[in-house]
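Keep the structure open beside the text as you read.

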Amino acid sequence: MQGFIDNLIRGWGYDPATWPWTQFVYVGFMGLFSFIVINFAAITGGIFSWAERRIAARMQSRVGPNRVGPAGFLQWIADAVKLLFKEDLIPAEADNVLFRAAPYFMMVGFACVFVALPFSHRLVIADMNIGIFYILAVTALIVVGIIMSGWSSNSKWSLFGAIRSAAQIISYEIPAGMALMIPVLLAGTMSTQGIIRAQGPWPWQWFIFDNPAATAGFFIFFISALAEGNRTPFDLPEAESELVSGYNTEYSGMRFSYFFLVEWGNLWVMSALAVTMFMGGWQVPFFPAERLDALTGWTAFFAEVASVLVFAGKTLFFVFVVMWLRWTLPRIRVDQMMNMCWKYLVPASFVGVLFVAGWMLIVRAAPAVGMAMHFLLAGAAAVAVIMFVQRVAHNLRDTGDKFDFTSNW
Amino acid sequence: MSKPLEVPTMDMENKEVLRRIEISGDMLLNMGPQHPSTHGVINFLVQTDGEVMKRAIPEVGYLHRSLEKIGERCTYNGYMPYTDRVDYIAAMFANQGWAMAVERLLGMQIPRRAEYCRVIACELNRISSHLISVGTMAMDIGAVTPFPYALREREFINDLLEELCGARLTYNYLRIGGVAFDLPSGYEDKVSTFLDHFEKILDEFNRLITYNEIFIKRLAHLAPIPAQMAIDYCLVGPNLRACGLSFDVRKALPYSVYPDFQFDVPVGKGEVGTMGDAWDRFWCRVEEMRQSCRILRQALAQLPKDSQIMGKVPRKIKIPEGTEAYSRIESARGDMQYYVVAGPGENAHRVKIRTGSFTAMGIIDALSRGLMIADLVALIASLDVVAPEIDR
Amino acid sequence: MTFEEIQQRLAGKFGERIGALSPANKDPFLVVQAADIVEICRYAKEDEALAFDCLMNLSTIDWPKRNQIEVVYHLWSYRRRHAFVLKVQLDRAKPEIASIESLWKSADWLEREQYDLMGVQFTGHPDLRRIMMPDDWVGNPLRKDYAEQAQWHNITTTRDNSLEGYVRLDELKKKAAEAAAASKKELPQ
């Protein structure tokens with residue numbers, strides 16, 4: 001983005017290095033982009049709440065919200081307005097400052113991630129060379145917010161729920177981080193744009209199909225991301241937590257909605273990270289990144305739109321998968337969850353990183369092996385997709401069900 | 001076991017007990033009486049350190065409606081709607097227990113077609129009660145989707161029973177001496193269509209949740225009850241059969257026309273965990289639904305062609321004082337027993353209803369030591385207790 | 001084993017203390033003395049031929065005319081698949097009997113329920129307190145002469161008949177209409 005602003009300043013006839021107002025223009029644009037990012041994050045969160053309710057309902061043979069707006073699309077706006085109007089309760093014995101501040105820690109931690117996400121080949125707010133490292137660091141603020149909310153509520157239920165949630169998130173940071181090191185190794189850079197450019201536009205050129213450890217790494221990352229986002233099957237802090245709401249029990253009104261905004265917005269973050277790191281990000285099939293860079297004028301604009309759509313499409317697919325999992329799988333118990341992390345995912349992710357490092361040496365010696373592995377894994381994935389579709393068709397035939405997108409809107 | 005227990009009572013002035021629990025570092029929490037599940041209003045006093053429970057003491061009585069005392073005031077016929085409320089999820093069985101007890105007091109037989117109508121209504125009710133039970137159990141474990149699926153199937157049964165007797169929940173269908181209404185025309189076809197559809201759904205249900213990896217991890221080896229302990233605490237129904245004891249009142253003490261039918265009694269085998277654990281109790285209920293479908297098909301095929309649905313019952317039922325009768329039926333929740341002592345006039349002198357859920361509550365305290373709180377929810381769900389049966 | 005055979009086996013062990021089986025007034029029962037109940041129940045449970053491993057029901061019946069409260073034990077054997085009914089007749093003024101919770105755990109809650117609703121004291125029960133009614137309730141609801149307390153924690157236990165309430169509202173409305181008509185008649189002066 002800095003390049004873009006610099007070009008703008010030159011267009012006005014000033015030299016960015018010497019002009020005294022450069023920094024003010026930078027700050028102005030930073031404000032503008034923060035505003036855009038926060039709005040995007042919040043609106044995404046709201047729309048996903050609607051999407052989740054509709055998807056859940058259709059999976060459960062129900063209809064879901066269908067009164068407020070077409071297909072209930074404005075339901076989330078109605079809910080947001082309602083929450084704004086609700087009474088703002090703060091328990092008398094709660095720690096006032098921490099109680100009020102906790103949701104904002106979570107919002108900050110969550111919104112800051114968007115700064116490093118590349119939406120298209122020119123559309124990234126800050127393409128830092130420590131991109132993924134920055135993302136991992138900033139998402140840790142969410143834990144701070146959770147612990148603060150649990151502690152300041154001055155209720156034993158809340159505290160235990162918060163501690164449990166914090167334990168879960170902190171534990172799963174490790175396999176998530178290690179699994180994210182795999183694309184970093186393969187790309188040779190921590191910058192998110194760099195990682196995307198190191199992949200190619202076609203599926204068999206994605207990092208997920210690079211070698212078996214990378215595929216495993218993708219799944220480890222996906223599972224850890226589910227745990228970090230408090231999504232089923234890891235939603236013990238939320239749904240059960242001793243049948244009370246855990247860390248957000250004492251919250252009401254807009255503060256309460258911040259927690260859930262962060263949760264739904266996190267779906268986007270998780271999925272976008274998975275897509276960026278492992279599935280080629282905004283790379284459009286048929287157009288390698290260099291060709292996109294070379295375009296100018298209107299074709300460049302259409303290319304941007306295409307890559308944004310590709311990125312959004314892949315991300316939304318994974319958001320759908322996460323929602324699908326929520327309404328299919330039961331919940332794990334807390335000790336089973338910790339077991340899985342420390343006894344299975346952490347060793348697996350370490351082994352994966354070592355394997356990838358070794359694999360890179362092999363590929364450097366014999367590049368054909370690398371290409372063969374790409375095609376092999378991509379082919380295996382294609383076969384898996386075909387088998388899945390066959391299974392779905394079989395299930396539908398079995399129960400006499402049919403696809404019906406025409407009714408119950 | 002004979003040491004007096006320190007249970008904090010309603011008199012919370014007595015802070016000494018609370019203080020002693022707090023000093024030990026444990027929390028004393030109330031789970032309930034409002035639950036986000038449909039087991040009803042039951043309270044649990046849970047002593048826990050946040051993760052593992054030391055004790056969970058159930059407190060009941062929130063739904064006590066003095067149905068037994070009302071039995072002493074109503075006529076024998078007039079009490080039938082009250083028996084619906086003894087277990088409103090499996091109301092046909094409660095009706096049948098009362099009808100059988102009073103028919104034994106009168107010493108009368110009821111027409112065969114009435115018996116078949118009773119069996120059809122009861123087995124349909126057994127399926128719908130088990131659907132609620134397995135649906136809510138899956139929901140308590142965290143898988144929310146099987147619950148609407150179970151309710152969707154239950155809607156078909158509700159429609160069938162509504163067509164039969166006019167009600168969706170509290171049926172009041174049976175009468176002393178028979179049943180209230182005959183099967184409507186075309187009913188056999190509707191039930192057959194439903195059964196064809198439902199048996200496929202059961203397979204889908206098994207694929208979705210019963211053999212799901214996480215579901216099994218949550219429920220296998222959870223609170224396994226040895227058969228001897230189950231007998232000692234007088235557990236009945238699927239809870240008892242899951243422990244390996246094959247006892248079903250329909251087979252052991254046959255009543256009505258059940259000897260005419262061939263069906264199996266699912267018994268827990270410890271297929272994925274220990275015998276008698278929560279998963280076995282869940283699986284027994286799913287399999288019982290399948291067996292109920294079998295019974296229904298046979299009942300529809302063997303239905304007597306006449307139209308007599310009520311026996312000869314005097315207009316005012318008066319029974320000599322002191323006559324007593326005991327009836328046992330296999331309700332959805334197990335062995336439901338009615339003990340009726342006739343009074344001087346037209347009412348009973350004493351009605352005692354012994355339900356499976358009441359004794360199942362007694363075992364929760366003993367099983368809960370050392371469980372985690374998430375497990376307590378799963379345990380209660382697996383025992384399929386409903387508050388109206390406990391409290392009456 | 002039939003009821004008669006079971007009664008004979010008990011009589012064989014306890015002799016004089018076992019009376020005769022009651023005539024089958026639909027369901028027969030055996031009356032035993034309160035002092036013997038634990039012994040008899042223990043024998044019923046441990047004897048191989050009887051093997052009553054389950055106490056399936058425990059009820060109490062209030063007979064004010066006879067001045068008695070009967071405690072009825074329904075025993076069941078899963079091994080032998082037979083049932084039996086024992087009755088104990090207690091003095092209505094002071095109904096006390098030993099608890100059989102040590103023999104069958106199901107007696108724990110069953111006896112608590114009868115203690116709560118009928119007021120029978122089960123001596124030796126580990127945790128005899130109310131189960132259905134609140135802990136500070138007064139009285140035993142299933143007794144024939146039970147009179148409900150007027151209020152509990154300032155909540156009244158009676159409620160006006162709603163039909164009478166509607167009649168009262170109708171009267172009020174009629175009076176209001178009459179008052180309005182009367183005042184209207186006075187106005188045009």
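## How the chains hold on to each other

The count between chain B and chain C is five salt bridges. Keep in mind that what you have on screen is a predicted model. One contact of this kind pairs Glu113(C) with Arg392(B), whose closest N and O atoms sit 2.9 Å apart. Polar contacts run across this boundary too, with 18 residue pairs counted between chain B and chain C, both partners at pLDDT 80 or more.

How much area goes under cover here? Chain B and chain C bury about 4200 Å² between them, and 58% of that lies on carbon and sulfur atoms. On the chain B side, Asp232(B), Glu324(B) and Phe358(B) lose the most area to chain C, together making up 14% of what that side buries. In terms of residues, 53 from chain B are in contact with 46 from chain C.

Which pair of chains has the most contacts? Two pairs of chains touch, and the most contacts are between chains B and C. Chain A does touch chain B, with 25 residues of chain A in contact with 33 residues of chain B. Chain A and chain C, on the other hand, have no contact joining them, and their closest C-alpha atoms are 24 Å apart.

The interface of chain B and chain A buries about 2800 Å², with carbon and sulfur atoms accounting for 59% of it. The rule finds one salt bridge across this interface. Look for Arg333(A) and Asp375(B), whose side chains meet in a salt bridge at 3.1 Å, N to O. Eight residue pairs are in polar contact across the interface of chain B and chain A, again with both residues at pLDDT 80 or more.

Which elements of chain B give two or more residues to the side that touches chain A? They are strand 1 (27-31), helix 5 (112-141), helix 6 (146-165), helix 7 (187-210), helix 8 (213-219) and helix 14 (373-383) of chain B. Helix 7 of chain B gives the most to that side, with five residues.

Next, the charges. Over all chains, the count comes to 52 salt bridges. Glu199(B) counts as partly exposed, since its relative accessibility is 23%. Arg297(B) is partly exposed as well, with a relative accessible area of 30%.

Helix 12 of chain B has another link worth a look. Arg241(B) forms a salt bridge with Glu288(B), their closest N and O atoms being 2.7 Å apart. Arg241(B) belongs to helix 10 (residues 238-242) of chain B and Glu288(B) to helix 12 of chain B, so the pair ties together parts 47 residues apart in sequence. Are these two residues buried or exposed? Both Arg241(B) and Glu288(B) are buried.

Over in chain C, the side chains of Lys94(C) and Glu96(C) meet in a salt bridge at 2.6 Å, N to O. Lys94(C) is exposed, with a relative accessible area of 55%, while Glu96(C) is partly exposed at 37%. Back in chain B, salt bridges that share partners join Glu123(B), Arg126(B), Arg241(B), Asp248(B), Arg250(B), Glu288(B) and Glu330(B) into one network.

Finish on chain A. Trp298(A), Phe301(A), Phe302(A), Val305(A) and Leu309(A) form a nonpolar patch on the surface, and together they have about 600 Å² of accessible area. Phe301(A) is placed in helix 13 (residues 297-326) of chain A. With 44% relative accessibility, Phe301(A) counts as partly exposed.

One last stop in chain A is Gly194(A), found in helix 8 (residues 192-198). Gly194(A) counts as partly exposed at 21% relative accessibility. The C-alpha atoms of Gly194(A) and Val184(A) are separated by 9.3 Å, and these two residues are ten apart along the chain.

Notes:
Residues are numbered from 1 along each chain as its sequence is written. Chains are lettered from A and ligands numbered from 1 in the order in which they are written. This is a predicted model: local features need pLDDT of at least 70, side-chain atom pairs count only at pLDDT 80 or more; totals for chains, interfaces and linings use all residues. Side-chain values use heavy atoms; hydrogens and water are left out. Patches are made of residues with over 30% relative accessible area and no salt bridge: like charges are joined within 9 Å, nonpolar side chains (Val, Leu, Ile, Met, Phe, Trp, Tyr) within 5 Å. Accessible areas come from the Shrake-Rupley method with a 1.4 Å probe; for residues, only the protein chains shown count as cover. A salt bridge is a side-chain nitrogen of Lys or Arg within 4 Å of a carboxyl oxygen of Asp or Glu. Helices (H or I, at least four residues) and strands (E, at least two) are DSSP runs, numbered from the N terminus. Buried means under 20% relative accessible area, exposed over 50%, partly exposed in between (1.4 Å probe, protein chains only). Contact means heavy atoms within 4.5 Å. Buried area is the accessible area (1.4 Å probe) that two parts lose on being put together, summed over both. A polar contact is a pair of N or O atoms within 3.5 Å; within protein, one must be able to donate a hydrogen and the other to accept it, and residues adjacent in sequence count only if both atoms are side-chain atoms.
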